[in-house]
Amino acid sequence: MEKELVEFIARALVDEPDEVEVSMIEGEKSTILELRVGADDLGKVIGKHGRIAKSIRTILGASATKTGKRVVLEILD
């Protein structure tokens, strides 16, 4: 669920939606989502002063309350 949510948001923000990749690493108490976008689109996903990235993390946190797991978003370059 969270993986698809991050993919959907990222694809809406970037110019090259085909380059968006989200990989998921599941642990016992937490899930790590690694987001990769094209080099030119990295700034669009992070936003000024990290505001867009923080907003995506907030939405993920709200979505993860259903599962009871902690979700961490890492934006990789």
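A crossing of two helices is termed right-handed if the near helix is turned clockwise from the far one by less than a right angle. In the predicted model described here, helix 1 passes helix 3 in such a right-handed crossing. The axes of helix 1 (residues 2-13) and helix 3 (residues 51-64) come within 10 Å and cross at roughly 155 degrees. Because angles over 145 degrees count as roughly antiparallel, helix 1 and helix 3 are assigned to that class. Helix 1 contributes Glu2, Leu5, Val6, Ile9 and Leu13 to the contact, and helix 3 contributes Ile52, Ile56, Ile59, Leu60, Ser63 and Ala64. By residue class, the contact of helix 1 with helix 3 comprises nine nonpolar residues, one polar and one charged.

The largest nonpolar core contains 16 residues, of which Val6, Val20, Leu33, Leu35, Val37 and Leu73 touch the most other members. Two or more residues of this core are supplied by each of helix 1, strand 2 (30-36), helix 2 (42-46), helix 3 and strand 3 (70-76). In soluble globular proteins, nonpolar side chains tend to be buried together.

When neighbours within four places in sequence are left aside, Val20 is in contact with Glu7, Ala10, Arg11, Val14, Leu35, Arg36 and Val37. The C-alpha atom of Val20 is separated by 9.4 Å from that of Phe8, a residue 12 places away along the chain. Phe8 is found in helix 1. With a relative accessibility of 62%, Phe8 counts as exposed, because the exposed class begins over 50%.

Terms used. Residues are numbered from 1 along each chain as its sequence is written. This is a predicted model: local features need pLDDT of at least 70, side-chain atom pairs count only at pLDDT 80 or more; totals for chains, interfaces and linings use all residues. Side-chain values use heavy atoms; hydrogens and water are left out. Axes are lines fitted to C-alpha atoms, for helices over the stretch in contact, and angles run from 0 to 180 degrees between N-to-C directions. Helices (H or I, at least four residues) and strands (E, at least two) are DSSP runs, numbered from the N terminus. Angles under 35 degrees count as roughly parallel, over 145 as roughly antiparallel, 65 to 115 as roughly perpendicular and the rest as oblique. Contact means heavy atoms within 4.5 Å. Ala, Val, Leu, Ile, Met, Phe, Trp, Tyr, Cys and Pro count as nonpolar, Asp, Glu, Lys and Arg as charged, and the others, Gly among them, as polar. Buried means under 20% relative accessible area, exposed over 50%, partly exposed in between (1.4 Å probe, protein chains only). A nonpolar core is a set of buried Ala, Val, Leu, Ile, Met, Phe, Trp, Tyr and Cys residues joined through side-chain atoms within 4.5 Å.
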